[in-house]
Amino acid sequence: MNLEKYFEKNREIFQLIYGIFLIILIPLLIFYNTFFIIKNYNKSIDVSLHRHSLSIGRSVLPYIEEKIDKQEITQERIEKLLKNNSELLELSVAIKNDEDFIVVASSNKEELEKKYNNYFYQFSFNQKINDGIAIDSLNIDNDKKVEDERYWKIGMPLTKNGKKIGVLSMKTSSKIVDELTRENRNKSLYLLFAEIIIVVLFILLAVRFWDYILLYKKIKELDEMKDEFISIASHELRTPVTGIKGYSSMILDGSFGEVNEKTRNAAKTILSASERLGTLVDDLLNVSRIEQGRMEINIKKQNVYETVDSVYNELKIQADEKKLELKFNSNKKEWPEINIDEEKLKQILINLIGNSIKYTKKGSIIISNYIKDNKFLAISIKDTGIGMDEEERRRLFQKFYRVKNENTKKIVGTGLGLWITKQIVELMGGNIFVDSIKGTGSEFTIIFPIIKK
Ligand SMILES: Nc1ncnc2c1ncn2[C@@H]1O[C@H](COP(=O)(O)OP(=O)(O)O)[C@@H](O)[C@H]1O
Ligand SMILES: [Mg+2]
């Protein structure tokens, strides 16, 4: 817990460290990977160049050995070979004389007659017949490196009648291959830099993303706190509201003795205000119950004709007061059985019919029932009220949403009724729809699956 708090407090620093760590580590890994590949690639190129050099030597060898006794012809052949083969840089023949090797023919005239007794000659001479050594110039200490051009030095034993008599030495160029390799390496380096830039950008983005996750967590926490607050506040409000309601109605019905007209009016105002407050508290309680999954529903298979009829009778008084015609003409036999919580259905109907009464200035409200698609019992409440446009219809079932215009300005409400209604309808396996024309009227329909006998 303490650690968590510490982390939370120093969040930005940790995030920074984390970001820097990733920004260094990941490009480093990519870097290492690329260089590893380049290195291995170069190694395998060298292996094949080594083989290639030796095979050049093997193809030249018999041609030289053929006239090894005739120094002039050998010299001619060497010159010819060099002319026709751009890979060949130098070619010389040295014959062993005691411990020394004397150059008898060479593409480099200066070499002629020179005596050598070095490792290269010794080593080459000691190779198996038709085999040889090939060393690239970077590994030869004594030779100065030619800028941008690497060459290979090849040495093979020369034979006459199956006996070693000297050494054939050659220099070949690997310029073409090396140039290709260099080009490839440069290309992969460019790619490497592009990759690193992309990765760094991604990491920067990911670090930002982390911020969003934390923000999301915070919002969720706040949301939970809000739910808890609503739950506690509404519970605590309920008792005093019931008290106010009870005492004001007791004043009105004369429980505390006769009251004059003025006091009566004041008590009436207190009663209606506390009733409104009571509805608000009930709505809030319902919201918190639904949100916390604590809404209890007692479903029973039943015919709901009487339930609808009782709500109709209850609200008829309200409609009459507003001089609205509330109609419900039905017959119990028309009602198939459905699985439903009777109290909750009452609550739904009070909300919907109550809204129709609230948002209708003159005309009628008709409650009707029918069978939809052979599968559902539909109950519809149709009014000739202020109606809604498309945008209003779309947001209708959102929590706290209320249409705000000249027509609704003076009507009080919380915007919770329809949200609660929809939640309860769905909890009981039903559905709710609305159909409305602005200025003409609205029709709300709830449907519930019919239980097949
Ligand atoms: N029958 C209706 N006719 C016109 N508008 C309605 C009707 N029923 C609901 N509304 C609109 O939908 C909004 C949300 O309804 P509701 O959730 O019951 O909240 P409240 O009634 O507390 O305002 C209302 O404010 C009103 O603008
Ligand atoms: Mg309402």
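These legends describe views of a predicted model. Residues are numbered from 1 along each chain as its sequence is written. In this predicted model, local features need pLDDT of at least 70 and side-chain atom pairs count only at pLDDT 80 or more, while totals for chains, interfaces and linings use all residues.

**View 1. The whole protein chain.** The chain has 10 helices and 13 strands. Helices (H or I, at least four residues) and strands (E, at least two) are DSSP runs, numbered from the N terminus. The radius of gyration is 50 Å, well over the 22 Å from the globule rule for 453 residues, so the chain is more spread out than a compact globule. That radius is taken over C-alpha atoms, and the rule is 2.2 Å times the number of residues to the power 0.38. The C-alpha trace spans about 150 × 55 × 40 Å along its principal axes.

**View 2. The largest nonpolar core.** This core holds 37 residues. A nonpolar core is a set of buried Ala, Val, Leu, Ile, Met, Phe, Trp, Tyr and Cys residues joined through C-beta atoms within 7 Å. Buried means 20 or more other C-beta atoms within 10 Å of a residue's own, with C-beta atoms placed from the backbone. Elements supplying at least two residues each include α6 (261-291), β10 (364-372) and β13 (441-449). Helix α8 gives the most, with 6 residues.

**View 3. Around Ile-353.** Ile-353 and Ile-365 have the most contacts inside the largest core. Leaving out residues up to four places away in sequence, Ile-353 touches Val-311, Leu-315, Ile-365, Ile-367 and Ile-381. Contact means C-beta atoms, placed from the backbone, within 7 Å.

Key. Chains are lettered from A and ligands numbered from 1 in the order in which they are written. A residue is buried if 20 or more other C-beta atoms lie within 10 Å of its own, exposed if 12 or fewer, and partly exposed in between; C-beta atoms are placed from the backbone. Two residues are in contact if their C-beta atoms, placed from the backbone, lie within 7 Å.
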